[in-house]
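The following exercises ask the reader to examine a protein model step by step. Each task is followed by a worked solution.

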Amino acid sequence: MGLQAGPGGGVEVVERAGFPVNKGALCGKGRTAPEVLSSRVRLTEPLVRSRATGELTPATWEEALDRIADELSRVRAEHGADACGVFGGGGLTNEKAYALGKFARVALGTSQIDYNGRFCMSSAAAAGQRAFGLDRGLPFPLEDVPRTGCVILVGSNLAETMPPALRYLTELRANGGTLIVVDPRRTRTAEQADLHLAPRPGTDLALALGLLHLVVAEGRTDEAYIEERTSGWEEARAAAMAHWPEHVERITGVAVPQLRDAVRLFCDADAAMVLTARGPEQQAKGTDTVGAWINLCLATGRAGRPLSGYGSLTGQGNGQGGREHGQKADQLPGYRKLTDPAARAHVAGVWGVDPDSLPGPGRSAYELLDALGGDIKTLLLMGSNPVVSAPRAAHVEERLRSLDFLAVADVVLSETAQLADVVLPVTQWAEETGTVTNLEGRVLLRRRAVSAPAGVRSDLDVLHGLAARLGHGKGFPTEPEEVFEELRRASAGGPADYSGISYERLREDEGAGVFWPCPDDGSAGAAEVPGGVGVPGGAEVPGRAGVPGAAEVPGDAGSPGGGVPHPGTPRLFLDRFATEDGRARFVPVVHRAAAEEPDAEYPVLLTTGRVLAQYQSGAQTRRVDELNSAAPGPFVELHPRLAARLGVGEDDPVAVVSRRGRAVVPARVTTAIRADTVFMPFHWPGEGRANTLTHPALDPVSRMPEFKVCAVRLERA
């Protein structure tokens with residue numbers, strides 16, 4: 001979006017038609033974002049819970065920071081460093097995510113740090129690492145999407161969750177391409193599709209395997225590509241052949257003719273893509289499910305080629321950058337592994353500490369929340385609202401209440417902040433400078449537009465103040481550019497290498513940003529980009545005749561010689577993948593049931609998601625009048641046949657009950673959903689909280705909870 005300072009120091013949102021990602025288009029959430037800057041809805045002074053009354057009362061910053069530091073010090077002394085937990089957020093800037101990870105491991109010495117992005121793209125990230133050796137949401141820019149021949153969009157409702165991005169799919173079809181949407185609901189996005197596949201929730205893995213079976217059976221594999229650029233095909237092929245079409249139809253509910261149509265559209269195109277989102281990813285088998293869709297791409301030669309590939313659509317504002325620089329349980333900056341001795345030595349050198357002093361990997365997000373009040377006695381939480389957003393939310397709320405001490409830094413008094421012992425008011429997007437990395441791997445500089453209220457500080461100020469009180473007076477700067485310079489050094493040589501990106505360069509790029517990996521601008525030609533060498537300028541690529549620009553992809557080659565800065569890497573894997581041998585890896589996977597299947601007591605499937613006018617836990621969007629008018633509260637979407645069996649009509653109150661709890665919401669009766677499935681949005685707290693119901697079963701690789709499928713029963717309320 002574009003921003004400019006308005007009259008009286010306010011902020012006005014303006015279109016920036018030249019911005020390469022959304023080309024000036026905004027959804028209602030972006031257009032109304034300045035309303036959350038108002039002191040009417042946001043926090044403007046620290047709050048500390050009175051030991052006498054138990055109420056949150058205004059306090060000075062010194063009092064609030066002293067209280068937090070005292071509690072952290074006490075708990076460390078009495079129970080050890082790992083009794084202190086840290087929980088971050090995918091909306092934090094790169095600088096803040098980096099500083100938070102450093103604070104946890106250096107100032108606190110704890111391994112117990114993770115963030116809410118674990119609930120977003122972790123399964124796609126894990127599958128990408130397994131197959132390609134590298135995770136970046138999209139290995140190509142969005143501008144490539146309208147120029148491919150076919151897109152399979154799995155479990156995404158872009159029309160409501162990322163409306164400005166829908167234009168790329170509209171342009172795809174206008175250019176003669178085809179769109180296949182996989183979703184158990186006929187969403188606004190599915191209505192745009194040439195083919196809509198509506199599988200039973202939790203069966204996306206079987207669907208992908210069934211499509212691959214047909215690809216093999218119909219002789220549509222790209223044998224030359226498989227031989228030259230992949231490994232592990234025979235095992236993956238054997239696994240897929242156990243999923244014949246009629247068997248897959250029985251599992252998924254998708255008819256065999258539709259399966260054959262999908263294979264025909266995908267394979268007949270000269271180039272094609274598969275894009276996944278939370279639908280297939282937020283499952284206890286999400287990594288294998290995404291892996292099956294990647295296998296489909298590899299078997300047909302649709303990865304590491306121009307205008308083709310697999311990608312995942314990010315769900316949070318800095319969902320990509322937030323998972324690259326150290327706020328994950330198992331990670332160091334630059335997407336380095338915490339268990340890698342060389343990575344530990346490099347980052348410890350930048351931080352000026354002994355590598356052996358860095359703790360090892362800790363618990364994943366849900367496991368960390370589940371341990372609160374047990375092994376973990378105190379929690380510092382930044383930019384997250386797990387009381388609403390976590391699975392089995394009533395249990396998570398209970399664990400938060402059981403803590404010895406909870407400190408929350410946030411913009412608003414969220415449902416989680418209301419439970420805290422100390423609440424710190426921090427700056428938000430328009431009040432601070434920092435970088436974010438979008439779903440393409442494009443690093444962008446977001447500049448401060450207005451000053452924050454007098455009582456508000458940045459998260460970097462918070463970490464600096466706490467670190468100083470814990471004996472680390474140096475190493476935690478408050479200026480974002482200074483933090484970014486350190487991040488550059490820490491990421492140098494890592495998979496997500498930012499060392500060639502600087503604030504100066506980002507300012508000069510006029511908002512276009514720089515794609516990582518981008519090695520140091522002084523090492524032109526010397527650094528190796530993992531799997532990132534692309535097509536030199538002007539190279540021919542397959543495209544659709546008549547599509548402007550389809551015959552060329554801008555050059556992505558590695559650093560030129562002669563001291564020219566590295567240009568960044570918009571397109572990955574065009575020469576080799578980021579594995580040791582340069583080959584993509586097939587991973588054999590087989591379908592398995594959801595963690596909780598329907599039975600006589602709980603006969604209906606529940607799936608969850610977002611709506612157009614609200615965002616994530618709704619902590620900010622529920623404070624905007626215009627958005628609340630458009631989406632005032634929770635609901636359950638159910639098919640007319642199910643509604644008739646229950647004897648309920650439109651807007652009648654319905655109790656949705658799972659083994660974890662009960663929610664009461666009005667009914668929305670629609671034929672746009674399967675008769676065996678109901679849908680609830682997850683933006684609201686209270687009796688309509690969808691995540692009271694959801695299942696915390698975890699993916700064995702990504703540790704992603706099973707948000708997208710659980711068994712429920714419905715009752716008239």
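This is a predicted model: local features need pLDDT of at least 70, side-chain atom pairs count only at pLDDT 80 or more; totals for chains, interfaces and linings use all residues.

## Exercise 1: Salt bridges

Task: State how many salt bridges the structure holds, and describe where aspartate 144 and arginine 571 lie.

Solution. 
1. Side chains of opposite charge can pair when their charged atoms come close.
2. A salt bridge is counted when a side-chain nitrogen of Lys or Arg is within 4 Å of a carboxyl oxygen of Asp or Glu.
3. The structure holds 46 salt bridges.
4. One of them joins the side chains of aspartate 144 and arginine 571, at 2.9 Å from N to O.
5. This pair links distant parts of the chain, 427 residues apart: aspartate 144 is in the loop between helix 4 (122-132) and strand 7 (150-154), and arginine 571 is in the loop between strand 20 (514-515) and strand 21 (584-585).
6. Aspartate 144 is buried because its relative accessible area is 1%; arginine 571, at 4%, counts as buried.
7. Another salt bridge is formed by glutamate 415 and arginine 622, whose closest N and O atoms are 3.1 Å apart.
8. Glutamate 415 lies in the loop between strand 16 (405-410) and strand 17 (422-425), and arginine 622 in the loop between strand 22 (604-609) and helix 21 (625-630), so this pair ties together parts that are 207 residues apart in sequence.
9. Glutamate 415 is buried at 15% relative accessible area, and arginine 622 is buried at 16%.
10. Salt bridges also link Arg51, Glu71, Arg74, Glu78 and Asp404 in a network.

## Exercise 2: Aromatic pairs

Task: Classify the geometry of the ring pair formed by tyrosine 98 and tryptophan 351.

Solution. 
1. Rings of Phe, Tyr and Trp (its six-membered ring) pair if their centres lie within 6.5 Å; planes under 30 degrees apart count as stacked, over 60 as edge-to-face and the rest as tilted.
2. The structure holds 10 aromatic pairs.
3. The ring centres of tyrosine 98 and tryptophan 351 are 6.3 Å apart and the planes stand at 65°, so this pair is edge-to-face.
4. Tyrosine 98 belongs to helix 3 (residues 94-108) and tryptophan 351 to helix 14 (residues 341-351); the pair links distant parts of the chain, 253 residues apart.
5. Both tyrosine 98 and tryptophan 351 are buried.
6. Phenylalanine 484 and tyrosine 498 form a tilted pair, with 6.4 Å from centre to centre and 50° between the planes.
7. Phenylalanine 484 lies in helix 19 (residues 480-491) and tyrosine 498 in the loop between helix 19 and helix 20 (503-508), so the pair ties together parts that are 14 residues apart in sequence.
8. Ring pairs also join Phe132, Phe573 and Phe577 into a cluster.

## Exercise 3: Backbone geometry

Task: Identify whether the peptide bond from tryptophan 516 to proline 517 is cis or trans.

Solution. 
1. Most residues other than glycine have a negative phi, and most peptide bonds are trans.
2. The bond from tryptophan 516 to proline 517 is cis, with omega near 0°.
3. Proline 517 is found in the loop between strand 20 and strand 21.
4. Tyrosine 335, although not a glycine, has a positive phi of about 65°.
5. Tyrosine 335 lies in the loop between strand 13 (331-332) and strand 14 (336-337), and it is buried, with a relative accessible area of 9%.

Conventions. Residues are numbered from 1 along each chain as its sequence is written. Side-chain values use heavy atoms; hydrogens and water are left out. Helices (H or I, at least four residues) and strands (E, at least two) are DSSP runs, numbered from the N terminus. Buried means under 20% relative accessible area, exposed over 50%, partly exposed in between (1.4 Å probe, protein chains only).
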